[in-house]
Amino acid sequence: MDVTTIKGPTIVRTDKLAIVIATMACLAIGLSHAQAQTSVLDKVKKEAVLKVCYGANPPDSFKDPKTGEWIGPMVDVVNEMAKWIKVKVEPVEVGWDVAVLSLQQGACDLFGTGLIYNAPRALEVSFIKPFLAKGINTIVAKSNTKKLTTPADLNNENITIAVVLGAREHETVLRLFPKAKILAIKAQTPIQVIDLVKRGDADAAALPALMVHYWLQIPENAEWGREGFPGDDFGAATLAWAIRYGDPNWQSFLNAYVDWATTTKFSANLYESYMTRTNPFMPAK
């Protein structure tokens, strides 16, 4: 046996160690080469198909009640990119409780609805440059007598907050309001948590502020519900696409595209347009 033992662990001689190091280096180079060859960017260019995960999150992305097609500012930004590089978009609908997992497992190449940044998510997926920042607000019943006047009032053991399981509102209220009772439900659409407030199971439903404003434009909703903290959103964070870790070429391409979309105000103008011409909560005619 070509080894030397010195009162303890086995020490490999220099010639053997050199062989081991050289072998490991070759394996590392081979792995790096394999990863480069499997970049989503290469796959998209070859197949001309881009799989995009969408979660229901008006106005960012939602299904047109008339056609069943995905629409919204984030959908339009994806479609513009696809048209520009001449590829077909293949939408993949996912629930928010499995949003990150769907991306990790390869169900899609891009999470296109846009994920709100938080540190736990950033440990699991790679965020692209943000499009904008979004805050959170609440829907409360007009009949609520618990004197919720500022977001800080939610941090109370006598307050129950309804959220969508796995959504960024879930993580945010857990972090900001540790004393409150959190009622997290699995939902197809975020507005389902509002039903818990209407039934009296929760004192407030935490939702993206834009969604709160959309929902209250419907007269029958405004009859019993109101915005919890007008002009006082909380938990503001950046909104961005996400991809799997370990694909620098794909990330670089998407970052450059987002630079274009934000610099030209393409994405910002889309949000403004949707706010003035459509409402995802308006009953289909």
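Visitor: Hi! How many helices and strands are there in the chain?
Guide: Hello! This predicted model has 11 helices and 14 strands in its chain.

Visitor: And how much of the chain is buried?
Guide: Of the 285 residues, 44% are buried. The chain exposes about 15000 Å², with carbon and sulfur atoms supplying 57% of that area.

Visitor: What share of the contacts comes from residues 24 or more positions apart?
Guide: Among contacts with a separation of 6 or more, 72% are between residues 24 or more positions apart.

Visitor: Thanks. Switching to the inside: which residues have the most contacts in the largest nonpolar core?
Guide: Those are Phe-111, Leu-115, Val-125, Ile-139, Ile-194, Leu-207 and Trp-224, in a core of 38 residues.

Visitor: Which elements supply at least two residues of this core?
Guide: Helices H4 (99-104), H7 (192-199) and H8 (209-216) each do, and so do strands E7 (110-116), E9, E10 (160-164), E12 (204-208) and E14 (234-243). Apart from this core lies another one of 30 residues, including Val-40, Val-52, Ala-82 and Leu-110.

Visitor: Back to Val-125. What does Val-125 touch?
Guide: Leaving out residues up to four places away in sequence, Val-125 touches Val-100, Leu-103, Gln-104, Leu-115, Ala-242, Ile-243 and Tyr-245. Leu-115, like Val-125, is among the residues with the most contacts inside the largest core.

Visitor: You mentioned H8. Which of its residues are buried?
Guide: Ala-209, Met-211, Val-212, Tyr-214 and Trp-215 are buried in H8.

Visitor: What do the buried residues of H8 pack against?
Guide: They pack against strands E9, E12 and E13 (225-227), along with helices H7, H9 (219-224) and H11 (266-277).

Visitor: Now Asn-137, in strand E9. Is Asn-137 buried or exposed?
Guide: Asn-137 counts as buried, because its relative accessibility is 0%, and a residue is called buried when that value is under 20%. The strand holding Asn-137, E9, covers residues 132-141.

Visitor: Which polar contacts does the side chain of Asn-137 make?
Guide: There is one with the side chain of Glu-227 at 3.1 Å, and another with the side chain of Asp-233 at 2.8 Å.

Visitor: What else is Asn-137 in contact with?
Guide: Leaving aside neighbours within four places in sequence, the contacts of Asn-137 include Ala-205, Ala-206, Leu-207, Ala-209, Val-212, Gly-228, Phe-229, Asp-232 and Phe-234. Two of these, Ala-209 and Val-212, are buried residues of H8.

Visitor: Last topic, aromatics. How many aromatic pairs are there?
Guide: The structure holds 13 aromatic pairs. One of them is the stacked pair of Trp-241 and Tyr-257, with 6.1 Å centre to centre and 5 degrees between the planes.

Visitor: Which parts does the Trp-241 and Tyr-257 pair tie together?
Guide: Trp-241 lies in strand E14 and Tyr-257 in helix H10 (residues 248-263), so the pair links parts 16 residues apart in sequence.

Visitor: Are Trp-241 and Tyr-257 buried or exposed?
Guide: Trp-241 is buried, at a relative accessible area of 0%, and Tyr-257 counts as buried at 6%.

Terms used: Residues are numbered from 1 along each chain as its sequence is written. This is a predicted model: local features need pLDDT of at least 70, side-chain atom pairs count only at pLDDT 80 or more; totals for chains, interfaces and linings use all residues. Side-chain values use heavy atoms; hydrogens and water are left out. Helices (H or I, at least four residues) and strands (E, at least two) are DSSP runs, numbered from the N terminus. Buried means under 20% relative accessible area, exposed over 50%, partly exposed in between (1.4 Å probe, protein chains only). Contact means heavy atoms within 4.5 Å. Accessible areas come from the Shrake-Rupley method with a 1.4 Å probe; for residues, only the protein chains shown count as cover. A polar contact is a pair of N or O atoms within 3.5 Å; within protein, one must be able to donate a hydrogen and the other to accept it, and residues adjacent in sequence count only if both atoms are side-chain atoms. A nonpolar core is a set of buried Ala, Val, Leu, Ile, Met, Phe, Trp, Tyr and Cys residues joined through side-chain atoms within 4.5 Å. Rings of Phe, Tyr and Trp (its six-membered ring) pair if their centres lie within 6.5 Å; planes under 30 degrees apart count as stacked, over 60 as edge-to-face and the rest as tilted.
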